[in-house]
Amino acid sequence: MLQYVIKRLLSTIPVLIGISLLLFFMLRMLPGDPAQVLAGQMATPEEIENIRIQLGLKEPIYVQYGKFLARLVQFDLGRSARTQNPVTEEVWARLPNTMLLAVVAILLACIFGIPAGIISAVRPYTWIDYLVTSAALFGISMPVFWLGLMLVVIFSVILQWLPAGGTGTWQHVILPSVTLAAFVIAFIARMTRSTMIEVLSQDYTTTARSKGLKEQVVIVKHALKNALIPIITVVGLQFGLLLGGAVLTETVFAWPGIGRLIVDSILARDYPMIQGTILIFGLLYILVNLVVDVIYAYVDPRIHYD
Amino acid sequence: MTETSATDRKPASQLRRNWAKLRRNKAALFGGLILLIYLFTALFAPLLFPGSPSAPNLIMSLEGPSAQHLLGTDELGRSIIGRIIWGSRVSFMIAVGVVAVGLLVGVPLGLISGYYGGRVDFVIQRVTDMMLAFPGFLLALGLVAVLGVGLKNTVVSIGISMIPIYIRLVRGCVLSVREQVYVEAARAVGTTDFKIILRHILPNVMVPITVQTSLGMGTAILFAAGLGFLGVGVQPPTPEWGAMLGSGRAYLFNAPHVATFPGVAIFLAVLSFNLLGDGLRDALDPRFRI
């Protein structure tokens with residue numbers, strides 16, 4: 001297993017190089033002097049010159065990239081052009097808020113999405129199946145930011161049950177996490193349904209039924225166990241969508257996470273911060289995919305570690 | 001002669017069979033119907049809502065739905081239904097533009113990668129891996145940060161974020177098609193690679209491309225609306241659904257209709273593309289059913 005994890009870790013190297021190249025060329029694709037762009041509009045000529053020396057802008061491009069990589073592995077992305085605070089400090093401070101939303105949303109998605117998909121698959125082409133598939137289709141078609149605003153109108157403006165935004169108490173977590181989870185619940189329900197329908201038609205399910213096992217045992221022990229592998233993959237892949245959704249959800253609910261930070265940075269053209277947030281999103285995505293792959297190999301003994 | 005006419009008849013009957021299957025799918029037809037309505041409003045926007053949808057009328061600001069303004073007015077007194085109608089033009093332009101970028105770049109690269117394999121395949125796939133390391137919306141957002149805001153950059157950014165999806169999809173299909181006997185036969189009689197790709201491979205990967213195009217248009221509208229909502233997409237006063245929703249957010253407590261109706265427009269447009277995409281997948285290739 002350890003060997004598999006190491007091999008899987010090594011396979012992330014090309015992607016990490018890709019992220020570093022994207023961040024490196026991001027500044028060089030912009031019109032003008034990268035040092036000026038990094039320093040921001042308010043910077044003094046001395047500050048700009050310091051950054052120019054630090055980046056080694058007069059040196060060959062591969063030397064510049066080497067220096068950039070050296071700073072990147074130390075998580076040194078400079079200071080925010082807007083607040084002058086170290087980028088990594090601001091990113092790390094907001095990371096737990098985004099992670100809280102993402103984890104609650106994934107949990108909600110598993111709690112509601114998987115059972116909905118199973119019920120739908122067990123009773124195909126009945127009213128409950130149509131209800132689940134229609135709701136799931138609505139879920140994947142609904143703009144996350146609109147859903148968030150509508151939940152605010154209903155639960156904050158009309159019913160006045162929950163706060164419209166901000167952070168601090170568990171009530172503040174409910175609306176943003178439900179908003180974020182809606183799409184993933186829908187996606188997981190659709191995936192679970194199609195996978196379960198396929199698994200339920202397999203010979204081993206028929207054998208289990210013909211042995212006289214109870215339907216619940218057939219569904220949970222024989223069908224779900226086999227359907228779980230693609231479902232785990234989908235849950236992992238959805239994490240990426242959650243990060244994208246977090247940008248919009250955090251904006252709707254004024255939630256102080258990385259998503260909100262990236263939007264503020266883009267609007268203020270704060271490039272060091274944009275680099276920092278993109279880096280952290282990329283690393284999170286890679287990490288989650290890695291964890292999913294390891295779980296995948298653990299759940300399915302047919303997957304060879306080599 | 002007889003042989004030629006038999007070959008000619010085959011695709012036509014295949015098309016008829018697929019159409020018959022699609023017609024039986026009520027959900028897909030419903031999606032197609034909504035799509036036609038949107039196309040109609042996009043094409044005939046100047047007739048349906050004459051005058052400028054961006055001209056302010058401050059005396060009428062934040063009015064609720066009425067006979068004069070069916071869906072009410074926004075903070076600048078502009079008719080919301082008028083802006084939704086004109087906004088359908090913008091959204092469909094974006095959807096078509098985005099899919100065009102994805103298709104024009106992604107499909108050829110996918111074909112080359114899958115057909116030739118080897119080093120070319122390796123390079124294309126590693127670049128695809130790097131692009132797929134970011135969730136689509138975040139990639140588009142990052143590109144907007146570099147390229148800047150506006151309609152053109154919105155199309156380019158979202159379009160680029162779609163390219164790896166087409167590359168992967170097409171490559172996967174090509175890998176199975178290139179081993180078929182008819183491709184080997186074409187190669188054996190000396191047909192050039194270009195002709196084999198164009199005449200034998202491409203027609204056989206059209207089904208997943210068609211399905212992905214329908215679903216991709218829905219995603220493009222959703223992404224563009226998301227960028228507009230954040231203020232980094234199409235800029236005001238151009239009537240874009242996401243930007244309308246974003247500006248309506250400030251009036252959620254006293255005039256919730258301003259944010260509600262553009263959201264309904266986005267939802268129905270995306271739903272129609274998803275319904276049609278699902279229907280096309282079921283009709284054209286049941287193996288891809290989700």
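**Entry 1. Chain A as a whole**

What pattern does chain A follow when read along the sequence? I read it off as α-α-α-α-α-α-α-α-α-α-α-α-α, and my tally for chain A is 13 helices and zero strands. I note here that I am working from a predicted model. Along its principal axes the C-alpha trace of chain A spans about 80 × 60 × 30 Å, and of the 306 residues in the chain 39% are buried. I then looked up contacts in chain A between residues at least 6 apart in sequence, and found that 71% of them join residues at least 24 apart.

**Entry 2. A:V37**

I placed A:V37 in helix α3 of chain A, which covers residues 34-39. Is A:V37 buried or exposed? I count 22 other C-beta atoms within 10 Å of A:V37, and because 20 or more are enough for the term, A:V37 is buried.

**Entry 3. Helix α8 of chain A**

I turned next to α8(A), residues 144-158, where the 15 residues reach 20 Å from the first C-alpha to the last, close to the 21 Å expected at 1.5 Å a residue. Where is the kink in α8(A) centred? I found it at A:V152, with a bend of about 25°. A:V152 is also on my list of buried residues in this helix, together with A:V144, A:F145, A:W146, A:L147, A:G148, A:L149 and A:L151. The buried residues of α8(A) pack against elements of both chains, namely α9 (170-200) and α11 (215-252) of chain A and α10 (206-230), α11 (241-248) and α12 (257-284) of chain B. After the helix comes A:Q160, for which I noted a positive phi, near 55°.

**Entry 4. The contact between chains A and B**

I counted 38 residues from chain A and 36 residues from chain B in the contact. On the side of chain B that touches chain A, the elements giving two or more residues are α5 (118-132), α6 (136-147), α10 and α12 of chain B. Which of these gives the most? It is α6(B), with eight residues. By type, I divide the residues on this side of chain B into 25 nonpolar, seven polar and four charged.

**Entry 5. Helix α6 of chain B**

I find 10 of the 12 residues buried, so α6(B) is largely enclosed by the rest of the structure. The buried ones run through B:G136, B:F137, B:L138, B:L139, B:A140, B:L141, B:G142, B:L143, B:V144 and B:A145. What covers them includes α11, α12 (258-267) and α13 (271-299) of chain A, along with α5, α7 (151-177) and α10 of chain B. B:G148 follows α6(B), and its phi is positive, near 100°.

**Entry 6. The nonpolar core**

How many residues does the largest nonpolar core have? I record 158, and the residues with the most contacts inside this core are A:V184, A:I188, B:L141, B:A220, B:I221 and B:I266. One of them, B:L141, is already listed above among the buried residues of α6(B). For B:I221, leaving aside neighbours within four places in sequence, I looked up the contacts and found B:S91, B:I94, B:A95, B:I266, B:A269 and B:V270.

Note on methods:
Residues are numbered from 1 along each chain as its sequence is written. Chains are lettered from A and ligands numbered from 1 in the order in which they are written. This is a predicted model: local features need pLDDT of at least 70, side-chain atom pairs count only at pLDDT 80 or more; totals for chains, interfaces and linings use all residues. A nonpolar core is a set of buried Ala, Val, Leu, Ile, Met, Phe, Trp, Tyr and Cys residues joined through C-beta atoms within 7 Å. Two residues are in contact if their C-beta atoms, placed from the backbone, lie within 7 Å. Helices (H or I, at least four residues) and strands (E, at least two) are DSSP runs, numbered from the N terminus. The expected span of a helix is 1.5 Å times one less than its number of residues. The bend at a residue is the angle between axes fitted to the seven residues ending there and the seven starting there. Ala, Val, Leu, Ile, Met, Phe, Trp, Tyr, Cys and Pro count as nonpolar, Asp, Glu, Lys and Arg as charged, and the others, Gly among them, as polar.
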